[in-house]
Amino acid sequence: MTMGGEAASTSSSTPHSQPLETEATQCRVESVKRHLSRLVVKSLCAVAADFDVEPMLEVSKSGFGDYQCNNAMSLFPRIRESATNLGNPNAVGQAIADNLPPSRIVESTSVVGPGYVNIVLSSDWIAQRIQDMLIHGIESWSPILPVKRVVLDFSSPNIAKEMHVGHIRSTIIGDTLARIFEFANIEVLRRNHVGDWGTQFGMLIQFLFEKFPNGEEAANQAIGDLQSFYRDAKKKFDENPDFKGRAQQAVVRLQRGEDRYLAAWKSICQISRNEFDLVYKRLNVELEEKGESFYNPYIPHVLEELTGKGLITESKGARVIEGRKPPLIVVKRDGGFNYASTDLAALWYRLNVEMAEWIIYVTDVGQQQHFHSVFSAARMAGWLPDQKEEKYPKASHVGFGFVLGADGSRFRTRSSDGAVRLVDLLDEAKSQSLAQLIKRLTENGQIAKWTDEELDKTSEAIGYGAVKYADLKNNRLTDYKFSYEQMLSDKGNTAVYLQYAHARICSIIQKSNKDVEELKMTEFITLGHPDERSLGLHLIQFAEVVEQVCDDLSPHRLCDYLYTLSERFSQFYTNCQVVGSPEETSRLLLCQATAIVMRQCFHLLGITPVHKL
Ligand code: ARG
């Protein structure tokens, strides 16, 4: 019996459920940007029929329009020979504007400078789009992507070793990406590729047996703190050559699948898993474990295939794949497999057995080189198309930077006395947010209106949400400082500030005593005031922001969007009276749409929204 086969049957597996087409997903509309792009494409075909031009469209920053088409300047030199009537970029821009097909979306256009085409959307159309979302649900704004199944490899800590803050980053970023794809109605295989295999297990098992020659129970208790157990085993391994020999024997017996060794390996894995689960539970993250051991039985076959294709060569006693520098070692000098051979087998499995069209790995940037080598080997083997072709199946590495401590050096979860665990780090965020909440409610005399359970649930949502948001709001490639003070502040771009903004909208709606669910079916939104329009425009841009995150796998864009949304709302609320005004109904619907979009952003970021604060 092989190890991996055994591991496969013990790993928890959930059946793949095919996403359902709901009424809302059937009502999905393409994003505003895509919609406009199609109009621009038609115009470009008319202006420069013989040239293959991609539309260059962006949200306008100039304030002259809502969107801006920037094709004219680069198109001009290409067409000046054939289109002699267009004497300068501005004329090209004018032609692009004139050839836009008539549509309900566009209110007006203007051309400035070297042919920038400013496009102003119709306010009625914006209002109608929001109304449609209220009726069909936020899913009608979910992106439409060309893939059905994605493997997302994230979190992936190592058994018997510390789960460090980098694994938290991977867990948070990976979960958000999974939620976003799921929202797009894509089946996501959330894979926890735990490091549960390798020679270190011989060492651990042998150490365990020698420390507790009789009695599994005592052993289970004794390895409760796996990390110090690991340290002690490693010390003995390094200092005692006889022990080292016995540990190497233990690996062989484990690989052969001897019962006693397998049982010890499993219990070590289980103890680690219990610890990881404490973190997953707090973060409310679902993962399916398929650890390194799972792919073990596939490695020989996969390497055989690669050898057959002439990709594997001998180098200094090891077997390697050349292509990128340094070469990727796939069989070590001692004949053993390694991280890379496992990843090649896993990639093969994900493409051929799981039939995933997109495989995404979330780890720190330090592993970028490794993944690029694995992907390049897969391309040479013909498993993946050429990178330039932008075709599926596709593999992507989502790298991220370090978490830094207050002093700017790398954040360590374990101080020298071994005190801070990741769970404690999360719980600290919760208890600080509870303290803040109690203080504020006591000061404003509201505390009596809160039950203990409400306080607990709210501080949990705020505390864990704050940790997630503080991570996600940064471009993932940059390092960021971990600071409770900053993340729990109710000012600036923080989850706490956003939670307040959302709770306030809920209370506005509630205090109006109107049933918005009914109003949305009978009344209409109008965007007469500039601040209503600016809020409305931002609302309908939700879909293209999510689309963008699906494209470059950068969740901070969604955080930026959410923060701007709350700013636009505040601006609107400051300048437009809602309750008691002639526009009350329309404005309440706008409040409701804002709350829905905010909640969806929270949901995609893995943050539980709070309705009362
Ligand atoms: N266990 C690895 C680590 O802690 C991460 C695994 C990432 N996934 C993969 N397929 N290699 O660094």
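1. In which sense do strand 8 and strand 9 pair, and over how many bridges? Strand 8 (residues 312-315) and strand 9 (residues 318-321) are antiparallel, with four bridges between them. Strands here are DSSP runs of E with at least two residues, helices are runs of H or I with at least four residues, and both are numbered from the N terminus. Two strands count as paired if DSSP finds at least two bridges between them.

2. On the basis of the values: this is a predicted model, in which local features need pLDDT of at least 70, side-chain atom pairs count only at pLDDT 80 or more, and totals for chains, interfaces and linings use all residues. Residues are numbered from 1 along each chain as its sequence is written, and side-chain values use heavy atoms, with hydrogens and water left out.

3. Opposite Ile-321 stands Leu-328 in strand 10. This hairpin has six residues between its strands, and Gly-323 in the turn shows a positive phi of about 140°. The loop between strand 9 and strand 10 also holds Pro-326, and the peptide bond from Lys-325 to Pro-326 is cis, with omega near -10°.

4. Taken together, these three strands make an open antiparallel sheet in the order 8-9-10. Strand 8 and strand 10 are its edge strands, each pairing on one side only. Neighbouring strands are turned by 45° against each other on average, direction ignored; the axes are lines fitted to C-alpha atoms (for helices over the stretch in contact), and angles run from 0 to 180 degrees between N-to-C directions.

5. A second open sheet has four strands in the order 1-2-4-3, with antiparallel pairing. Its edges are strand 1 (57-59) and strand 3 (106-112), each of which pairs on one side only. Strand 3 is joined to strand 4 (residues 116-121) by six bridges in the antiparallel sense, and Ser-110 stands opposite Asn-118 in strand 4.

6. Ser-156 sits in the loop between strand 5 (149-153) and helix 7 (165-183). Its phi is near 45°, a positive value in a residue other than glycine.

7. A ligand nitrogen is 2.8 Å from a side-chain N or O atom of Asn-158, and a ligand nitrogen is 2.8 Å from a side-chain N or O atom of Asp-343. For Gln-367, a ligand oxygen is 2.8 Å from an N or O atom of the side chain. The protein covers 90% of the 350 Å² of accessible area that the ligand has on its own (Shrake-Rupley method, 1.4 Å probe).

8. The structure holds 22 aromatic pairs (Phe, Tyr and Trp rings, the six-membered one for Trp, with centres within 6.5 Å; planes under 30 degrees apart are stacked, over 60 edge-to-face, the rest tilted). The rings of Trp-197 and Trp-265 have centres 5.7 Å apart and planes at 85°, so this pair is edge-to-face. Trp-197 lies in the loop between strand 6 (187-192) and helix 8 (200-211) and Trp-265 in helix 12 (residues 259-283), so the pair ties together parts 68 residues apart in sequence.

9. A cis peptide bond also joins Tyr-392 and Pro-393, with omega about 0°. Pro-393 is in the loop between helix 16 (368-380) and strand 12 (394-400).

10. The unreviewed UniProt entry annotates residues 34-121 as "domain: Arginyl tRNA synthetase N-terminal". That span is 36% helix and 22% strand, and its end C-alpha atoms lie 14 Å apart. From the UniProt record, also unreviewed, comes "domain: DALR anticodon binding" for residues 498-613. Residues 498-613 are 73% helix and 0% strand, with end C-alpha atoms 11 Å apart. UniProt positions are given in the numbering used here, feature names are shortened, and annotations may be inferred rather than shown by experiment.

Methods
A polar contact is a pair of N or O atoms within 3.5 Å; within protein, one must be able to donate a hydrogen and the other to accept it, and residues adjacent in sequence count only if both atoms are side-chain atoms.
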